[in-house]
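Hi,

Here is the structure I said I would pass on. Have a look at it, and then read on for what turned up.

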Amino acid sequence: MGMMGLWITHPKGKHPLIDTVQRDYAFLLSAYNVEPGAMTPRINEMTDFNIWTFNSRVFPAITPLVAKQGDKVRIRVGNLTMTNHRSEEHTSELQSPSSI
């Protein structure tokens, strides 16, 4: 528990391998096990979680990632949990960098 965040370093000038984007989002995934009625999580728990957070916020307090149609959007995800996660974006059109 304590301070956490992503360290993102941007190049000084335009880089040939980094596209210019209109929106750049970064968030951290965290997971906790909080017993019913408890005020703090069980910090030694490694696999049995019941609360998942984006930037330390739980639904419905998570802000949506907003972009205009045609915008290039970069999404950076830091996974602080002990498990792998499937990514599921709800959008009308999405192209991953490997398909562009």
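For the cut-offs, buried means under 20% relative accessible area, exposed means over 50%, and partly exposed is in between (1.4 Å probe, protein chains only).

Before going further, a word on what you have. This is a predicted model, in which local features need pLDDT of at least 70 and side-chain atom pairs count only at pLDDT 80 or more, while totals for chains, interfaces and linings use all residues. Residues are numbered from 1 along each chain as its sequence is written, and side-chain values use heavy atoms, with hydrogens and water left out.

Now the overall picture. The chain has 100 residues, and 14% of them are buried. You will find zero helices and three strands, so called because they are DSSP runs numbered from the N terminus (helices: H or I, at least four residues; strands: E, at least two). The order of elements from the N terminus is β-β-β. As for contacts (heavy atoms within 4.5 Å), take those between residues at least 6 apart in sequence: 64% of them join residues at least 24 apart. The accessible surface is about 8,800 Å², with 55% of it belonging to carbon and sulfur atoms; that area comes from the Shrake-Rupley method with a 1.4 Å probe, and for residues only the protein chains shown count as cover.

Next, the sheet. Strands of a sheet pair through backbone hydrogen bonds, either parallel or antiparallel. Here the three strands make an open sheet in the order E2-E1-E3, with mixed pairing. E2 and E3 are the edge strands, each pairing on one side only. From one strand to the next, the twist averages 20 degrees (axes are lines fitted to C-alpha atoms, for helices over the stretch in contact, and angles run from 0 to 180 degrees between N-to-C directions). Two strands count as paired if DSSP finds at least two bridges between them; E1 and E2 have four, in the antiparallel sense. Ala 31, for instance, has Trp 52 in E2 as its bridge partner.

Then there are the salt bridges, four in the whole structure. The term means a side-chain nitrogen of Lys or Arg within 4 Å of a carboxyl oxygen of Asp or Glu.

One of them brings us back to Asp 71, whose side chain meets that of Arg 23 at 4.0 Å, N to O. This pair links distant parts of the chain, 48 residues apart: Arg 23 is in strand E1 and Asp 71 in the loop between E2 and E3. Arg 23 is partly exposed too, at 31%.

Lys 72 bridges to Asp 19, with the closest N and O atoms 3.4 Å apart. Lys 72 sits in the loop between strand E2 (51-54) and strand E3 (73-79), and Asp 19 in the segment before strand E1 (23-32), so the pair ties together parts 53 residues apart in sequence. Lys 72 is partly exposed at 39%, as is Asp 19 at 44%.

Asp 24 and Arg 74 form another, again with the closest N and O atoms 3.4 Å apart. Because Asp 24 lies in strand E1 and Arg 74 in strand E3, this pair ties together parts 50 residues apart in sequence. Salt bridges that share partners join Asp 24, Arg 74 and Arg 76 into one network.

Cheers
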